[in-house]
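Reader: Could you walk me through the aromatic rings in this one? I would like to take it residue by residue.

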Amino acid sequence: MRSLYNIAGQSIDAQLLRRAGKPVLTHDNKESAINIQDLGDDEYRVTVGDQSASLLAVREGDQYFIHLNGRNYLIECEDEAQAAAGGASDADRTTATAPMPGTVVSVNAEAGQAVSEGDTLIVIESMKMETTIAAWRDGTVAAVNFKVGDSFDRLAVLVQLEE
Amino acid sequence: MQRIISKIDTNSELFKKNKEHNLNVRDEFLEKQRQARFDRPQRDLDRLSRQKKLFVRDRIDLLIDPGTPFLELSSLAANRSYDGDSPSASIVTGIGIVNGREVLIHADDSSVKGGAWYPLSMKKIVRMLDIAIENKLPVVHLCDSAGGFLPLQSKVFADRHQGGRVFRNQCQLSKMGIPQVSVVLGHCTAGGAYIPSLSEYSVIVRGTGAVFLGGPPLVKAATGEIITADELGGCDLHTQISGTADYPADSEQEAIAKAREIVAQFNPREKTKIAQQAPEEPFYDPEELYGIIPQDNKLQYDVRELIARLVDGSRFSEYQPAYGSTLVCGFVHIWGYKVGILGNNGVLFNDSSLKGAHFMQLCNQNKTPLVFLQNITGFMVGREYEKMGICKDGAKMIMAQACSNVPKFTVMVGGSFGAGNYGMCGRAFDSRLLFSWPNSKISVMGGEQAADVLVDIKLAQLKKEGVTLNEEEIAAIREPVLAEYEKESDAYHSTSELWDDGIIDPVDTRNALGIAISASLNESIEDPSYGIFRV
């Protein structure tokens with residue numbers, strides 16, 4: 001597994017490896033011998049290369065809280081795929097299309113109305129299920145194409161937001 | 001593995017309202033369960049103490065290792081039958097730990113009608129033994145039953161899954177090398193006599209325990225012989241003379257301790273190795289489930305929000321996140337065990353069915369157990385979908401599911417309608433264990449749809465006769481159908497009929513699945529094999 005850490009908002013690539021049975025830390029193309037001594041009560045003596053320090057460390061899930069030299073640090077382990085994700089988003093999308101044929105149960109927005117992400121735009125029913133179509137981003141409603149009781153086909157454009 | 005990012009606002013009005021509603025639903029369930037477990041007429045409890053017998057719950061407490069969980073199954077079986085005269089179907093069953101070994105426990109409850117077996121008691125014992133066979137689990141029987149409930153004898157005796165099946169299953173278990181211990185704490189009469197007789201080991205309590213083919217009243221009627229129960233089939237007769245029972249005991253406490261000692265002598269079973277890592281609590285609090293489950297099952301929500309509150313670290317490696325989005329599939333860990341999980345995010349379309357079939361094949365290929373979170377209104381209907389072959393794509397999903405050789409577990413988390421029940425591993429498809437949430441509902445189609453269909457048929461019939469109906473008359477046909485559907489589709493009805501292995505509090509789902517997965521690994525996992533996929 002490739003390890004990525006976020007320390008104070010900065011993403012850091014550091015790997016713990018083994019060389020001839022001894023642990024080493026690689027970071028910035030540099031390898032340093034590392035030794036961690038558990039002193040009990042969440043206290044550790046950490047030696048990296050020729051530097052050594054005592055610190056307090058507590059783990060909670062993916063987060064480590066470190067107290068070192070009078071300062072607190074939050075270290076978060078990042079997911080490899082998530083960190084490398086391209087950031088595709090809904091920001092440019094202008095239409096909400098019907099996932100399946102159905103009828104309109106309620107219309108909760110009108111053209112010209114400003115909406116925030118998560119606001120209910122329209123509620124549809126199909127196959128005994130009510131589905132809420134919510135604003136996928138902040139914006140202004142350009143058009144609501146159906147009214148209560150109308151039926152529609154799959155992929156019909158239900159609501160449009162302005163670009 | 002990526003953590004699910006919840007979009008739930010726990011401060012929203014909707015969340016608070018859902019939570020209030022679902023906590024009431026939960027409290028109602030817990031109260032029904034408490035009543036089934038503990039509410040007994042005082043005279044029955046007095047009778048037990050006069051007979052120096054312990055209450056069934058106390059016997060189980062003595063049997064299992066202190067501080068270990070007991071996964072009780074079908075605690076509300078028969079809650080809608082026999083005017084409530086048979087709480088939990090007069091039997092307690094469940095998975096517990098005895099001297100470090102996972103075992104199935106079957107305990108008769110003689111505080112109700114002498115522990116007589118009703119038809120649903122038979123169904124519950126047979127199911128318990130099926131679970132033992134499927135998961136290769138040893139069984140401890142705590143026997144104290146008057147035998148079949150005679151007023152209903154025609155429904156407990158002769159059919160394929162009635163009385164005889166208990167003994168057939170016991171023999172099959174023995175043949176597989178899975179041992180059973182019976183502790184005779186009361187009378188084991190007629191068919192009941194075969195439970196200890198077919199067990200590998202049996203313990204019998206002096207004074208209260210007895211085993212005989214015909215009890216004293218039957219013997220008197222048949223031959224005129226007058227004899228006490230103890231002389232006829234008591235502890236000393238069977239442990240000293242007949243050899244029907246193995247170990248004598250002077251008290252229930254001694255008998256149960258002896259049973260624990262016997263279980264400790266079983267050879268430890270090598271468990272099937274599946275991918276496993278150190279367990280981690282879910283990142284999102286399972287208590288938040290109450291605020292997510294909608295008040296009405298027909299309201300759609302994202303099943304990932306449930307997954308986030310059931311699995312280790314709320315981490316989810318989602319499979320085909322952009323394809324067939326109404327079926328959410330992916331890998332998770334539950335109590336460290338890697339499983340493939342499938343949850344519904346709407347109706348099953350062609351693409352979602354294909355995705356489900358493919359995902360299940362992946363899980364079978366790498367021997368990964370499957371967990372189904374069932375909230376499904378069915379496969380999509382309409383000409384466009386028939387044209388695309390929704391029937392044959394659904395058939396592929398059902399084929400992959402039904403032929404899966406990995407252990408399967410199902411949780412009914414919402415609606416379960418029509419063939420959706422099949423695709424998502426309903427009761428007929430042999431989930432190792434199947435649990436229901438108290439809000440869940442099961443029926444062949446929605447109540448409203450069924451009522452509409454029946455009204456349409458009626459109207460068409462009458463039209464031929466030249467009769468038309470007014471609104472009131474239509475309502476008179478519709479309303480009773482709706483009411484019946486409502487009653488027969490709720491979770492209490494399905495659990496009463498043993499269509500599941502019990503209703504559970506949603507927050508207990510993670511633990512129940514953990515125990516279930518662990519127990520299932522007592523059996524090996526076969527290589528994948530299927531029938532014909534209609535391509």
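**Aromatic rings**

Author: In this predicted model, B:Tyr82, B:Tyr118 and B:Phe149 together make up one aromatic cluster.

Reader: How many aromatic pairs are there over all chains?

Author: The count over all chains is 12 aromatic pairs.

Reader: Is B:Phe55 buried or exposed?

Author: B:Phe55 is buried, with a relative accessible area of 12%, while B:Phe38 is partly exposed at 43%.

Reader: Back to the tyrosines, what is the geometry of B:Tyr82 and B:Tyr118?

Author: B:Tyr82 and B:Tyr118 form a tilted pair, with 4.5 Å from centre to centre and 35° between the planes. B:Tyr82 is in the loop between strand E1 (71-73) and strand E2 (91-98) of chain B, and B:Tyr118 is in the loop between strand E3 (101-108) and helix H4 (119-135), so the pair ties together parts 36 residues apart in sequence.

Reader: Changing topic, which ring does the charged end of A:Arg93 sit over?

Author: The charged end of A:Arg93 sits over the ring of A:Trp136, at 4.5 Å from its centre. In chain B, B:Lys32 lies over the face of B:Tyr492, 4.6 Å from the ring centre.

How values were computed:
Residues are numbered from 1 along each chain as its sequence is written. Chains are lettered from A and ligands numbered from 1 in the order in which they are written. This is a predicted model: local features need pLDDT of at least 70, side-chain atom pairs count only at pLDDT 80 or more; totals for chains, interfaces and linings use all residues. Side-chain values use heavy atoms; hydrogens and water are left out. Rings of Phe, Tyr and Trp (its six-membered ring) pair if their centres lie within 6.5 Å; planes under 30 degrees apart count as stacked, over 60 as edge-to-face and the rest as tilted. Buried means under 20% relative accessible area, exposed over 50%, partly exposed in between (1.4 Å probe, protein chains only). Helices (H or I, at least four residues) and strands (E, at least two) are DSSP runs, numbered from the N terminus. A charge sits over a ring if NZ of Lys or CZ of Arg is within 6 Å of the ring centre and within 35 degrees of the ring normal.
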